[in-house]
Amino acid sequence: MLKEGTQRYPKWHAHVFHAVSVDRVPLPEATGVLGVDRDVGQATDSDGHVYALPDTFGLDANIRCKQRKADQGRERSRRNG
């Protein structure tokens with residue numbers, strides 16, 4: 001477990017790994033699906049193509065700001081009836 005951010009607005013990250021023998025792993029289907037881990041900066045598919053990922057830090061900050069404003073509005077509404 002990893003905690004980052006401020007005490008008031010923490011972000012928690014968990015990394016889970018599990019070893020599986022190769023003969024138990026099914027071969028992937030050619031569906032065009034690509035799994036991506038956020039905040040790594042790039043993704044690579046099975047053909048070796050590297051894709052740059054957008055920086056979502058600004059978007060995450062905007063979402064947190066809007067959530068705080070909505071929470072403040074709900075609290076004001078609750079106090080005023």
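Visitor: Which residue sits just after α1, and what phi does it take?

Guide: That is Gly81, with a positive phi of about 85°. Bear in mind that this is a predicted model.

Visitor: What span should α1 have, and how far apart are its end C-alpha atoms?

Guide: At 1.5 Å a residue, its 24 residues should span 34 Å. The end C-alpha atoms lie 35 Å apart, which agrees with that figure.

Visitor: Switching to side chains. How many salt bridges does a search of the whole structure find?

Guide: Three.

Visitor: Start with Arg74. Which residue does it form a salt bridge with?

Guide: Asp71 is the partner of Arg74, and their closest N and O atoms are 2.4 Å apart. Both residues belong to helix α1, where a separation of three residues amounts to about one turn.

Visitor: Is Arg74 buried or exposed? And Asp71, exposed or partly exposed?

Guide: Arg74 is exposed, because its relative accessible area is 52% and the cut-off for exposed is over 50%. Asp71 has 43% relative accessibility, so it counts as partly exposed.

Visitor: What about Glu75? Which residues are linked with it in a network of salt bridges?

Guide: Arg78 and Arg79 are linked with Glu75 in that network. The Arg78 side chain meets Glu75 at 2.6 Å, N to O, while for Arg79 and Glu75 the N to O figure is 3.6 Å.

Visitor: How many residues apart are these pairs in the helix?

Guide: Arg78 and Glu75 are three residues apart in helix α1, a separation of about one helical turn. Arg79 and Glu75 are four residues apart in α1, again about one turn of the helix.

Visitor: And the accessibility of those residues: what are the values for Arg78, Arg79 and Glu75?

Guide: Arg78 has a relative accessible area of 57% and is exposed. Arg79 is exposed too, with 56%. Glu75 is at 31% relative accessibility, so it counts as partly exposed.

Visitor: Now the whole chain. What share of its residues count as buried?

Guide: Of the 81 residues in the protein chain, 5% count as buried.

Visitor: And what does the accessible surface come to?

Guide: About 7,900 Å² for the protein chain, with 55% of that belonging to carbon and sulfur atoms.

Visitor: Last one, on contacts. Among those between residues at least 6 apart in sequence, what share join residues at least 24 apart?

Guide: In the protein chain, 8% of those contacts do.

Notes
Residues are numbered from 1 along each chain as its sequence is written. This is a predicted model: local features need pLDDT of at least 70, side-chain atom pairs count only at pLDDT 80 or more; totals for chains, interfaces and linings use all residues. Side-chain values use heavy atoms; hydrogens and water are left out. A salt bridge is a side-chain nitrogen of Lys or Arg within 4 Å of a carboxyl oxygen of Asp or Glu. Helices (H or I, at least four residues) and strands (E, at least two) are DSSP runs, numbered from the N terminus. Buried means under 20% relative accessible area, exposed over 50%, partly exposed in between (1.4 Å probe, protein chains only). Contact means heavy atoms within 4.5 Å. Accessible areas come from the Shrake-Rupley method with a 1.4 Å probe; for residues, only the protein chains shown count as cover. The expected span of a helix is 1.5 Å times one less than its number of residues.
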